[in-house]
Amino acid sequence: MLFLSILIGRCFATLNLTIGIDINNKESLAYLGRLEQHYEQFEEKGLTLNIRNHILPCYTCKQRHNFTQPEIHCFGGGRYCQFSTYANGQQLLTEIIKQQCLFEKDIQTFLSYINFFQQDCFESPHYTFCSENILKNLLSQNTTQLDECVNASFLGEGDKALLENHLLAQEMNKQYNESSLSVYLDNKEIKDSTFPDMIGQICEKLKTDPPEYCNIFSRLEKNTSLKLDDQIFFFVFIVLLMLLILISIKVLKSVKYVILEKQSIPVEETIGIISGENVQ
């Protein structure tokens with residue numbers, strides 16, 4: 001009965017990690033990529049990863065032409081847009097769609113791709129080639145299937161610059177409007193936490209049935225804490241030792257000054273000084 005209760009508890013135990021990224025923000029991509037080495041163990045214990053992409057609308061396109069004219073940095077006639085100094089908006093949006101296709105296919109592969117992408121392709125003048133090289137040569141992915149997924153995400157036929165896109169629409173509906181990293185753990189914002197802190201918080205929530213990495217993380221954290229304590233004591237000792245040396249030097253200087261001052265009194269100034277023998 002107890003085993004059954006534990007089993008049911010595990011089946012219904014869920015932990016939601018939501019990470020908001022911007023295709024133009026290297027910090028957010030690097031943060032997400034670091035999750036690659038831990039995700040598989042966390043997923044087995046009930047972690048669900050959600051991704052939000054920052055996508056911009058063209059605020060004037062509806063007024064100017066009601067999304068019926070192409071925009072170089074947009075799809076859907078201006079419904080979904082992105083801007084950068086190293087690639088046009090349509091390339092960036094295609095990259096976001098490709099990443100969404102990877103995410104839906106296999107999250108672990110998606111995280112591996114993000115890790116490589118943020119290191120090798122960010123702001124690269126050969127943006128598209130770099131991406132394809134990672135997929136083909138480093139991750140052995142079928143790029144034809146990914147291209148089919150990207151094309152299938154557009155609704156209808158014709159110029160993609162004017163077509164709506166259901167994957168980009170999903171991202172727009174999430175209303176993620178930040179151009180920097182954002183992290184939520186079970187709907188609690190923790191973006192000010194470092195990556196190790198975030199991992200520690202996940203481990204804390206999974207403490208009743210932690211993955212192996214959490215046990216390693218706990219030992220590392222304790223060892224780091226002990227090392228820090230030793231370092232603090234060492235630095236305090238050094239500071240106290242330096243203070244003692246400075247005080248000793250100051251005292252020695254004072255004593256030396258008094259001795260030199262006494263030695264510097266001329267002999268003739270001592271003549272006529274009344275001594276105890278002359279007192280009647």
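Arginine 79 is partly exposed, with 26% relative accessible area; the label covers values between buried (under 20%) and exposed (over 50%), taken with a 1.4 Å probe on protein chains only. The model is predicted, so local features need pLDDT of at least 70 and side-chain atom pairs count only at pLDDT 80 or more, while totals for chains, interfaces and linings use all residues. Residues are numbered from 1 along each chain as its sequence is written, and side-chain values use heavy atoms, with hydrogens and water left out.

**Salt bridges**

- The count of salt bridges is six, where a salt bridge is a side-chain nitrogen of Lys or Arg within 4 Å of a carboxyl oxygen of Asp or Glu.
- Helices (H or I, at least four residues) and strands (E, at least two) are DSSP runs, numbered from the N terminus.
- Glutamate 164 is partly exposed, at 38% relative accessibility.
- Arginine 64 and glutamate 71 form a salt bridge with their closest N and O atoms 3.1 Å apart, and arginine 64 is partly exposed at 49%.
- Lysine 207 and glutamate 204 also meet in a salt bridge, at 3.1 Å from N to O; lysine 207 is exposed at 55%, whereas glutamate 204 is partly exposed at 46%.

**Serine 28**

- Serine 28 belongs to helix H2 (residues 26-33) and is buried, with a relative accessible area of 0%.
- A polar atom of the serine 28 side chain lies 3.3 Å from the backbone nitrogen of aspartate 22.
- Beyond its neighbours within four places in sequence, serine 28 is in contact (heavy atoms within 4.5 Å) with Gly20, Ile21, Asp22, Ser180 and Leu181.

**Largest pocket**

- The largest pocket holds about 270 Å³ of space, a volume being the space filled by probe spheres set on grid points joined across faces, edges and corners.
- On a 1 Å grid over the protein atoms alone, a pocket is an open set of points where a 1.4 Å probe fits, with protein on both sides within 12 Å along at least five of seven lines; lining residues have an atom within 4 Å of a point.
- Its lining has 17 residues, and Thr94, Lys98, Thr128, Glu132 and Asp147 lie nearest the centre of the pocket.
- Helix H5 (89-105), helix H7 (127-138) and helix H8 (143-152) are the elements that each give two or more residues to this lining.

Terms used: Polar contact = N/O pair within 3.5 Å; in protein donor to acceptor, adjacent residues only side chain to side chain.
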